[in-house]
Amino acid sequence: MSSAAASMKKKSAVTPCKTMRGHTSYVFGVAHLPGGQRIITCSGDGSFRLWDLESGAQIGDEWRDEGDEETLMTTALSPNGKTLASGSYDGTVRLWDVETGKVVVKWKGHTELVWSVCWSPNGERVVSGSQDGTARVWDVKSEEPVKGLNPIKTGHKHVHAVSYSPEATMIATGGYNEHGIKIWDAKTGKLVSTIKIDRTAWCLAWTWDEKKLIAGLGVGGSIRIFDTATWQQIADLEGHTRPVYSITLFQNDRLLASTSWDKTARLWN
């Protein structure tokens, strides 16, 4: 490589503008809080930590459920930005008040770790997916499990991803076995469709018009796109070389971001 090419490569390298340090174990989840100035992270050390984006400094003390040190595996912010849902290694789903950093609701039902949580678009329900092979739906206002949807026995050996459709008519689950993605009626819990894939579905995202479902898959690092009118695959995005662990769509659906165990993040147009 010429010195000019090497210089160009060096200048084009992407580097972080801030590095936040404080967690004592793996960081499993992050959410961007309203206002654009703060993010919050959850970790294997059992805590949430709030960070200032401009300075990179931690804001206040860490958040913990008093007397509980269980790993926080996943988190999702409510549509109104006021509440965080979390899933823990012990199978507990919690709701946290963003202003106080305190647990306001605690749900038990899963018998193994919770891999994924997702809010309904109106913020009235939370769905959780677990290593125990079930998805469970919880009512935020009544603080009770939703009858007929708790549990949804998915048939997956493990449920790695759960996702409400934008109109809240369907819930997609992704997991480990040949029937890697399943679609459920969000009101009745009845199976709508099954998408057979040859590897684990680790993460899911719907386009805002609900016409496409996108899945990040295991071995090989493929991202596949399915037409929700037929549930047939219409595209396969190749580039990652190891499992795709998370995906997120920009609000206009023009860009898709993905992260992988291959130590890369990618943007797709």
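**Close-up 1. Aspartate 198 and its salt bridge with arginine 199 in the predicted model.** Aspartate 198 has a relative accessibility of 55% and counts as exposed, because the cut-off for that class is over 50%. Its salt-bridge partner is arginine 199, with the closest N and O atoms 3.0 Å apart. Arginine 199 is partly exposed, at 22% relative accessibility. Elsewhere, salt bridges with shared partners link Arg49, Glu62, Arg64 and Glu69 into one network. The model has a count of 9 salt bridges.

**Close-up 2. The salt bridge between glutamate 62 and arginine 64.** The two side chains meet at 2.5 Å, N to O. Glutamate 62 is partly exposed, its relative accessible area being 30%. Arginine 64 also counts as partly exposed, with a relative accessibility of 25%.

**Close-up 3. The salt bridge between arginine 94 and aspartate 68.** The N to O distance between these side chains is 2.5 Å. Arginine 94 belongs to strand 6 (residues 93–97), whereas aspartate 68 sits in the loop between strand 3 and strand 4 (72–77), so the pair ties together parts that are 26 residues apart in sequence. Arginine 94 is buried, at 2% relative accessibility. Aspartate 68 has a relative accessible area of 17% and is buried as well, because the limit for buried residues is under 20%.

**Close-up 4. Strand 2 and its pairing with strand 1 and strand 3.** Of the 6 residues in strand 2 (residues 38–43), 5 are buried, so the strand is largely enclosed by the rest of the structure. Strand 1 (residues 27–32) pairs with strand 2 in the antiparallel sense over 5 bridges. Within this pairing, glycine 29 has cysteine 42 of strand 2 as its bridge partner. Strand 2 also runs antiparallel to strand 3 (residues 48–52), joined to it by 5 bridges. Here arginine 38 stands opposite aspartate 52 in strand 3.

**Close-up 5. Glycines in the two hairpins of strand 2.** The hairpin of strand 1 and strand 2 has 5 residues between the strands, and glycine 35 in this hairpin takes a positive phi near 105 degrees. In the hairpin of strand 2 and strand 3, 4 residues lie between the strands. Glycine 46 in that turn has a positive phi of about 85 degrees.

Close-up 6. Glycine 174 is buried, with a relative accessible area of 0%. Beyond its neighbours within four places in sequence, glycine 174 has contacts that include His156, His158, His160 and Leu204. Lysine 211 lies 37 residues from glycine 174 in sequence and 18 Å away in space, C-alpha to C-alpha.

Conventions: Residues numbered from 1 in each chain as written. Predicted model: local features only at pLDDT ≥ 70, side-chain atom pairs only at ≥ 80, totals over all residues. Heavy atoms only, no water. Buried < 20%, exposed > 50% of the residue type's maximum accessible area, 1.4 Å probe, protein only. Contact = heavy atoms within 4.5 Å. Pairing = 2+ DSSP bridges. Salt bridge = Lys/Arg side-chain N within 4 Å of Asp/Glu carboxyl O.
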